[in-house]
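Welcome! Take a look at the model first, then try each task before reading on.

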Amino acid sequence: MTSLKLFLANADATHRLGERLGQGLPAGTTLLLQGDLGAGKTTLVQGIGAGLGIGDRIVSPTFTLINEYDEGRIPLYHLDLYRLDSSEVQGLQPQLYWEGLEVEPGLMVVEWAERLRELPDSYLTLHLLYQDEARQVQVSGTPDLCAVWTRLIADF
């Protein structure tokens, strides 16, 4: 498991990182987002939506739990597990999204991913930290996607 860090100056940089990820991550990618309230998880997902070419406003699905956007380069499946405990998450069947069995393979982004009981075979975990206007992303995951991450942010 590889671990990488990226420093972001502000919320705009977080959004730009999301755009870069939306432009370059392949279908079938799962991003697991962690971080305190206000750390920038939804801002990152909004950038991902922009990078995918999604025109709809991206909002955190805190009450709907899953938002699906299919108008972009690839579909975006945005899950927010904030209100759920680990046992309730299983009822959402998140594996249907990362396995691409019943939905078109796309980019799956899970906020509050620490509530997942099981993980996909391939994923990136982005832990967002926020302190004094500065932001940091600590990235870990499977080697295949860490290599894609490294390529995408090489000149960021």
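Predicted model: local features only at pLDDT ≥ 70, side-chain atom pairs only at ≥ 80, totals over all residues.

**Exercise 1. Find how many salt bridges the structure holds, and which side chains take part.**

Step 1: the structure holds 1 salt bridge, a term for a side-chain nitrogen of Lys or Arg within 4 Å of a carboxyl oxygen of Asp or Glu.
Step 2: the partners are R20 and D155, whose side chains meet at 2.7 Å, N to O.
Step 3: R20 sits in helix α1 (residues 11–24), while D155 lies in the segment after α5 (143–152), so the pair links distant parts of the chain, 135 residues apart.
Side chains of opposite charge can pair when their charged atoms come close.

Residues are numbered from 1 along each chain as its sequence is written, and side-chain values use heavy atoms, leaving out hydrogens and water.

**Exercise 2. Decide whether R20, D155 and T14 are buried, partly exposed or exposed.**

Step 1: recall the cut-offs: buried means under 20% relative accessible area, exposed over 50%, and partly exposed in between (1.4 Å probe, protein chains only).
Step 2: R20 has 23% relative accessibility, so R20 is partly exposed.
Step 3: D155 is exposed because its relative accessibility is 63%.
Step 4: T14, in helix α1, has a relative accessible area of 1% and is therefore buried.
Step 5: look at what surrounds T14. Not counting residues up to four places away in sequence, T14 touches L8, G40, T43, L44, L128 and R135; a contact means heavy atoms within 4.5 Å.

**Exercise 3. Describe the chain as a whole: what is the order of its elements, and what is its radius of gyration?**

Step 1: count 5 helices and 7 strands. These are DSSP runs numbered from the N terminus: helices are H or I with at least four residues, strands E with at least two.
Step 2: read the order from the N terminus, β-α-β-α-β-β-α-α-β-β-β-α.
Step 3: a compact globule of 156 residues would have a radius of gyration near 15 Å, and the chain agrees with its 14 Å. The radius is taken over C-alpha atoms, and the globule rule is 2.2 Å times the number of residues to the power 0.38.
Step 4: finish with burial: 49% of the 156 residues count as buried.
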